[in-house]
Every structure is written in structure tokens, then in C-alpha cells.
Amino acid sequence: NIPSRVKLVDVGPRDGLQNEKQPVPAEAKVGLVHRLQEAGLKEIEVTSFVSPKWVPQMADNAEVMAAIQRQPGVRYSVLTPNMKGLEAALPSRPDEVVVFGAASEAFSQRNINCSIAESMERFAPVVAAARAAGVYVRGAISCAVGCPYEGDVAPERVELLARLMKEIGVQHIGVADTIGVGTPLKVQRALEAALRHYTLADISGHFHDTYGQALANTLAALQMGVWQYDTSVAGLGGCPYAKGATGNVATEDVVYMLHGMGIETGIDLDKLVDAGQYISERLGRKPNSRAATAILNK
Ligand code: HMG
Ligand code: MG
């Protein structure tokens, strides 16, 4: 059942940097995107078109999108929580937009300032307009195993979100462990719930590594045949509305595991480590990736 090829979406420029306190210049974000595509990433989540009052770090969204030298075969995705975001994003020609809802009511309120039901009303026209413009639509389901405000989240909640997203025409869903509290069996239950409405071709795993479980959770998902994952180079990141949550699992660590299992990714691990080192240096810290650290210390 384990796939022979895996697609990784590097969400570092968006999920990774959105929570940085220090301003990161647009030029450094663009430099990161360039290095990621150089390393063989075929999809990069570049930025988000959200309120700059809520997430100041992403205020340079259009500037960053405009400065990227695109490579054929690489897809560039951006977050668009409402029509205002989509209208701002479309001139930047994203290949894919992401609407983001949550399996927990409390997190929906904190993150996007509306209930789950209201979020679907906001997303529906975004999905319709994006698809009419030929842009692919992904949906993120935050707090798929646990919520910083509500605690454990039942798989039924994930199933509900997957059904609601299906109903409004979302083409692909990401099952997100926003605060990295999941463990392998819980993550499998959440993915099974999502699989009631989407196929393996249309589901990805998005695991934050707060409790050090993300690699184990990735393996658990691989065993179910899930072959698409969001990861973050150098383990960058955290969500501004999930206090204390750390970044997504480091892309370098996942690539090292996959290649060791004989699973293809199309990614050059050494170049990926360079990309992680580049952005870490710009941020004045060391890459938060065990594999990168080991390779750099060799
Ligand atoms: P709201 O306040 O309910 O929106 O925010 P509103 O429509 O009432 O508008 C209020 C103000 O925001 C207005 O400005 C709007 O123009 C402006 P004012 O008149 O006060 O000057 N506004 C916008 N500006 C720019 N772009 C927009 C936009 N929309 C409204 N798109 C909103 C609702 C969703 C905008 C807000 O709550 C928000 O921006 N939230 C940010 C959420 C966010 O970015 N979270 C992090 C990303 S999600 C994540 O990390 C999870 C994920 O990784 C998966 C996982 O790990 O779980 C995906
Ligand atoms: Mg995330």
C-alpha cells in the first residue's frame, strides 16, 4: 500500500514565515522560493492574501508573487480566505488557491473570525470564482486531531468538514494537525474520515511537529497510501492563532525518510538543505531539521 512516489508541497514561505516576529524582506522570501524550485520542489505555497492587520508578515503577498521567476512544471499556491483575498490574489496568477476551515468551532473563530457554517458561506463564492478562472482549489482542515482551545477533535468533525468542502466544490483537502498533538493512530482515524469524501489522489497530510510526532504521523499516513504532504523547509513556522505550535515537519527530514524507504520525491536533498540554510541564516538561526543538521555537520 505504501506509495512508490510522493509529492511534497513546501509551505515554508507561507506557513513557515507567517508567524515570524521580525520583518522578513520580500527579497528573502523570493530567494527561498527560487532555491526550493532549484531543489526540485514542484509545488510551493508562497504566501497568503489575508488581512495584513491579522498577519502582517504576509502583507507583501503581491510583491513576492510578482518577483518569482517561475519555472515550468512548478505550481505556486496562495491562501485566500474570502472574496477580498481571492480578488487580490488572481492578478498574481496563482496555480492554486487554498481556503482554510477548521474542524473545531473555537479555532475557526480565532483564526478566521467566523463559525464553521459562516466559513463555508464565505468559501463557496471563492471556490466558484477560482474554478471559473481555471485555478485549482485546495481546502485545509485545521485542528483535524486536536484544537488549542477545545482539546481532542473527533474524526466525525473531520468528516463533516470534508463533506462541507466537497459540497462547495473544493477539489483537494489537506488534513492538518495544526498544533502537532496527533499520534499515528489518531491521524489515521482523521484521514479515514476525510477519505469518506475524497480519494487518495485528492488528500494530503499537513503535520506540524510540536510534539515530535510528525514523521511518525507521516509514516502512518503513507501506510494508508496517502502520497501528498505539506512540509516546511528547515522546519520553519507556526500558526499565529495556535500559541506555542511549532512549524510543519521539516521537508529535509521527510525527504531523508522517503529516500531511505526507496520512495521517489524528485527532490535533491543537498540542494534542499542549502535552501533551508539560506533562509535560516536570513532569520539568524539554525535549521530546525535533524537531517539538515546531520548533513551540515558531516
Ligand atoms: P474579518 O475581520 O472577519 O473580515 O477577518 P472582514 O471582512 O470583516 O474585514 C475586516 C477588515 O479586514 C477590512 O478592513 C477588510 O478590508 C480587511 P478595514 O475596513 O477594517 O480596513 N480584509 C482583508 N484585507 C486583506 N485581505 C483579505 C481581507 N479580508 C478582509 N483577504 C479574515 C476575516 C479571514 C480576513 C481574517 O480573520 C484574517 O485575515 N485571518 C488570518 C488568518 C490566517 O492567515 N491564519 C494563518 C493561516 S491558516 C494556517 O496557518 C493553518 C494551515 O496551515 C493548516 C493548519 O496547519 O491547520 C493552513
Ligand atoms: Mg499549518
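Reader: What should helix α2 (residues 26–38) span, and how far apart are its end C-alpha atoms?

Author: The expected span is 1.5 Å times one less than the number of residues. The 13 residues of α2 should therefore span 18 Å, and the end C-alpha atoms are 18 Å apart, which agrees. Helices here are DSSP runs (H or I, at least four residues), strands are E runs of at least two, and both are numbered from the N terminus. This is a predicted model: local features need pLDDT of at least 70, side-chain atom pairs count only at pLDDT 80 or more, and totals for chains, interfaces and linings use all residues. Residues are numbered from 1 along each chain as its sequence is written, while chains are lettered from A and ligands numbered from 1 in the order in which they are written.

Reader: How confident is the predictor?

Author: pLDDT is its confidence in each residue, from 0 to 100. The protein chain averages 97, and 99% of the residues score at least 70.

Reader: Which residues of α2 are buried?

Author: Buried means 20 or more other C-beta atoms within 10 Å of a residue's own, exposed means 12 or fewer, and partly exposed is in between, with C-beta atoms placed from the backbone. In α2 the buried ones are K29, V30, L32, V33, L36 and Q37. They cover an arc of only 155 degrees around the axis (taken from the directions from the helix axis to the C-beta atoms), so they sit on the same side of α2.

Reader: Where is C143, and is that residue buried or exposed?

Author: C143 is in the loop between β5 (136–142) and β6 (146–147). C143 counts as buried because it has 31 C-beta neighbours inside 10 Å.
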